[in-house]
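Hi everyone, thanks for coming. Please have a look at the screen while I bring up today's model.

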Amino acid sequence: MSLDADYLEEQLLVLLGIPSPSLHTADIADHLAAELVRLGLVTRRTVRGDLLAEAPGAMPRRAITAHMDTLGAMVVRLKDNGRLAVRPIGSWNARFADGARVKLHGESGAVLAEGTLLPTKASGHVYNEAVDRLPADWAHIELRLDLVETSPATLREQGIEVGALVSVDSQPRVTDSGFINARHLDNKAAIACLLAALRAGGLPQDVRLVFSCAEELGVGISQVMFDGVEEVLNLDIAAQGEGQNVCHDGVTIAMLDSLGPLHPVATRRLIALCRQHQIPFTRDCFPYYYCDGDAAAKAGLDVRNALACFGADASHGWERVHRDSLLALSRLVSAWLPTSDSGS
């Protein structure tokens, strides 16, 4: 079966609609597990909440990982002015929070209210030039809830307390020119690419799928997810920008990230597959970048890590990717899956 671009886009939009800040990923894991079962796989969860999948009776020696958690925020104080002070979940700059539409979740995960993240001085008509002088940091960001009564006492009566989860709306928009604009393309776009590859060709007996729930916290994957695994293909975002060599319409293969070089054997395999299957690609280095497999490497696990990425603009902000890059990454995954040789 050939790659289904409509299925890829459909799955991406569904994933983007499911809130999943780090460690709060049960809902997206439920969706993924149901889809993977439909594709003939068996799934299980780790205690932490990571999702693993493989073919029935599999004996995995290889793994593909794509994290399902995203950035978000958490309430740290109920303010007397009716707004909420928040702090980020994951690493993202407060300037990208300005104007974001969000949902506020209660202890059960239910949505208690919607709102907007705003600077503490949000109106030029009120504060004049003080708006321009306001620092772009989380101490000067607050959450304005779409509720009529917002005194701290009233909010507490509704179950809104310190520690409440704030999920940021993806706000996806697909353009006629083939671009997909959305928050949280990192890393839901990679998951959609993986699903499209699985639907087209299935999952070999020697491959395990790992969907981690805390990559944005720098936790990544651990021994329980990699038991018996020798080589790992990490799927994630490649950030376009000055000094980078990202392929906007193909695959970007990382040679180095913040931990150091990716494994040369696993990386050369990806490059050879791109050449063999005429998949457009570039090579790049990411000095301020962390992927799932880095956690395994830092823990001393005996695995080879490779990192293949879709190319996107404005990572951890107002992200944008072209459909061609997603299809190219799906093609690379499809080519990698049957490649069972784990040698050099």
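This is a predicted model: local features need pLDDT of at least 70, side-chain atom pairs count only at pLDDT 80 or more; totals for chains, interfaces and linings use all residues.

Residues are numbered from 1 along each chain as its sequence is written, and side-chain values use heavy atoms, with hydrogens and water left out.

Let's start with the barrel. Helices (H or I, at least four residues) and strands (E, at least two) are DSSP runs, numbered from the N terminus. Two strands pair if DSSP finds at least two bridges between them. In general, the strands of a sheet pair through backbone hydrogen bonds, either parallel or antiparallel.

Which order do the strands of the barrel follow? Six strands close up in the order 4-5-8-7-6-9, with antiparallel pairing. From one strand to the next, the twist averages 40°; axes here are lines fitted to C-alpha atoms, for helices over the stretch in contact, and angles run from 0 to 180 degrees between N-to-C directions.

Now let's walk around it. Strand 5, residues 84–89, is joined to strand 8 by two bridges, running antiparallel, and Leu 84 stands opposite Leu 143 there. Leu 143 of strand 8 also has Leu 117 opposite it. Strand 8, residues 141–145, is in turn joined to strand 7 by five antiparallel bridges, with Leu 145 as the partner of Gly 115.

Strand 6, residues 101–105, and strand 7, residues 111–119, run antiparallel and share five bridges. These two strands form a hairpin with five residues between them, and Gly 109 in the turn has a positive phi of about 95°. On to strand 9, residues 165–168: strand 6 pairs with strand 9 over four antiparallel bridges, including the one between His 105 and Leu 165.

Next, the helices. Two packed helices are described by the angle between their axes and the distance between the axes. Helix 1, residues 5–16, and helix 6, residues 185–201, have axes that come within 8 Å and cross at roughly 140°. The two are therefore oblique to each other; angles under 35 degrees count as roughly parallel, over 145 as roughly antiparallel, 65 to 115 as roughly perpendicular and the rest as oblique.

How does helix 2, residues 26–38, pack against helix 6? The angle is about 10°, with the axes 12 Å apart, and that makes helix 2 roughly parallel to helix 6. Ile 28, Leu 32, Glu 35 and Leu 36 of helix 2 meet Lys 188, Ile 191, Leu 195 and Leu 198 of helix 6, where contact means heavy atoms within 4.5 Å.

Last stop: Asp 313, in strand 17, residues 304–313. Leaving aside neighbours within four places in sequence, Asp 313 is in contact with Gln 240, Trp 318, Glu 319 and Arg 320. The C-alpha atoms of Asp 313 and Asp 30 are separated by 29 Å, with the two residues 283 apart along the chain.
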